[in-house]
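Open the model in your viewer and keep the selection tool handy. We will walk through a few stops, one selection at a time.

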Amino acid sequence: MGLGPDPDNFPWKVTPYVVICWLLAACGGLMFGYDIGISGGVTGMDDFLIKFFPKVYEKKIHAKENNYCKFDDQYLQLFTSSLYLSALVSSFLASKVCSAKGRKPTILIASVFFLVGSAMSALAPKLWLVIIGRVLMGVGVGFGNEAVPLFLSEIAPVQHRGAVNILFQLLVTIGILIANLVNFGTMNLHPIGWRVSLGGAVVPAVLLLIGSLVITETPTSLIERDRLDESRRVLQKIRGIDDVEKELEQIKEGCEQAKLIKHPFKELMKKSSVPPLVIGILMQVFQQMTGINAVMFYAPILFQTVGFKSDGSLLSAVIIGLVNVFSTLVSVYGVDKFGRRRLLLQACVQMFISQIAIGIILILQLGDANSLPKGLAMLVVLLTCTFVMSFAWSWGPLGWLIPSETFPVETRTAGFAFAVSSNMLFTFILAQAFLSMLCHMRAYVFIFFSAWIVVMGLFVVFLLPETKGVPIDMVVERVWKKHPVWKRFMDEDDSHA
């Protein structure tokens, strides 16, 4: 629903301070991305496996190894997935802190937990300490992924909200790339390479910690807590102009409605909250069911499976990381130009073709113990790149953007907590299950994910409204009440009428 020349496109000027706020807050994405990228590389490092998972190491070096089952170990998967289970639980607490104390302190808490957890997992002498470190990092991810996308959506001018929010996902992709480069550099650093890789997570945590002290609170959060004068000053500072009364009035209106709601989680159970809740949760679930984290976590292992040696597979992962970063830039440019729905639908077609092709090649050509011919192995890497490319300009960034802009202010933090926790739940399930799925389903795992992509395409066509150019506090009036399916949920029991 593009609005053309619109009185809602409030005037603003770019100021160095607001750009710094965007970039520093988006370091929450850097933190999350570094962890996604580092985990798969570390779980493939021999020194790490010898120390904590000797049985997996034996399976890995066995002469007649099974391509699909050599890394299948529940405890090895728990190393990766414990972080996401912890993030799932903590995102609900983060929602409460976000509402009561503001976005800025929530981001500060995120950085402290991630910092302590990454230091602990890098220095740990025993596996249980590594896991505790991962759990603490998970609390950091839960708090960061709750607060940062909300912060970016609330601080951005309406006509560029999509691009600003996507900075979070852009920094996620940069984090993944840096992690892959770090793993590439440490894989021959015996026996402490894995410790250096895990310890590197301290760097994005420190950047976010500094950022949380420099950034401002959002005007919405200040008004929610009755700090109107401060909110006006902040809005003037981030918009670079003095006359912000119209925009302030619109934010105030949304917050006044929000104050009528004492229990936002209870409010989410009402009929009028169904549309944003369903969309918010499904965007995050579908983001995972593309199979992207399965590909990203285990890209090094995936490439070992199709015949690349250990360093070759990490190099392939670095190439994928670069594709990921540059394709996300396409989304920064395109999201406010083409709209959300077009990007998502185009990507469904490209991802479906890529996954099906990878699946067919592996089913026909890769047995349990042989490698692919060189040409076909390169084709699998190329297809993986086209898959990552389309994900990176669509479901990757928009999975975070759309839930952060579709909830009304009174249920925004509570609703977004459900979205974040859904992401973490499905990331946990897939991180815990993917290596076992790879072992039991073989290459059919790619067919499994491509079937989900068909479902996602139908979801976008029939259920997902366009939010391009709609002010964040006017979504109920302009989007939900006009959507052919969702408008029937807004008729009764609607506190926004």
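**Stop one: a buried pair**

Select Glu-405 and Arg-340: these two form a salt bridge, with their closest N and O atoms 3.0 Å apart. (A salt bridge here is a side-chain nitrogen of Lys or Arg within 4 Å of a carboxyl oxygen of Asp or Glu.) Now colour helix H21 (residues 395–406), which holds Glu-405, and helix H19 (residues 340–365), which holds Arg-340; the pair links distant parts of the chain, 65 residues apart. Helices (H or I, at least four residues) are DSSP runs numbered from the N terminus, as are strands (E, at least two). Glu-405 is buried, with a relative accessible area of 0%, and Arg-340 counts as buried at 1%. The cut-offs, for a 1.4 Å probe and protein chains only, are under 20% relative accessible area for buried, over 50% for exposed, and partly exposed in between.

Before moving on, note that this is a predicted model, where local features need pLDDT of at least 70 and side-chain atom pairs count only at pLDDT 80 or more, while totals for chains, interfaces and linings use all residues. Residues are numbered from 1 along each chain as its sequence is written, and side-chain values use heavy atoms, with hydrogens and water left out.

How many salt bridges does the rule give? The count comes to 17. Select Arg-103 and Glu-154, whose side chains meet at 2.7 Å, N to O. Arg-103 lies in helix H6 (residues 103–123) and Glu-154 in helix H7 (residues 127–155), so this pair ties together parts 51 residues apart in sequence. Both Arg-103 and Glu-154 are buried.

Glu-249 counts as partly exposed, at 39% relative accessibility.

**Stop three: the pocket lining**

Finally, show the 21 residues lining the largest pocket; Ser-99, Glu-224, Ile-261, Pro-264 and Glu-410 lie nearest its centre. (On a 1 Å grid over the protein atoms alone, a pocket is an open set of points where a 1.4 Å probe fits, with protein on both sides within 12 Å along at least five of seven lines; lining residues have an atom within 4 Å of a point.) Helix H5 gives the most to this lining, with four residues.
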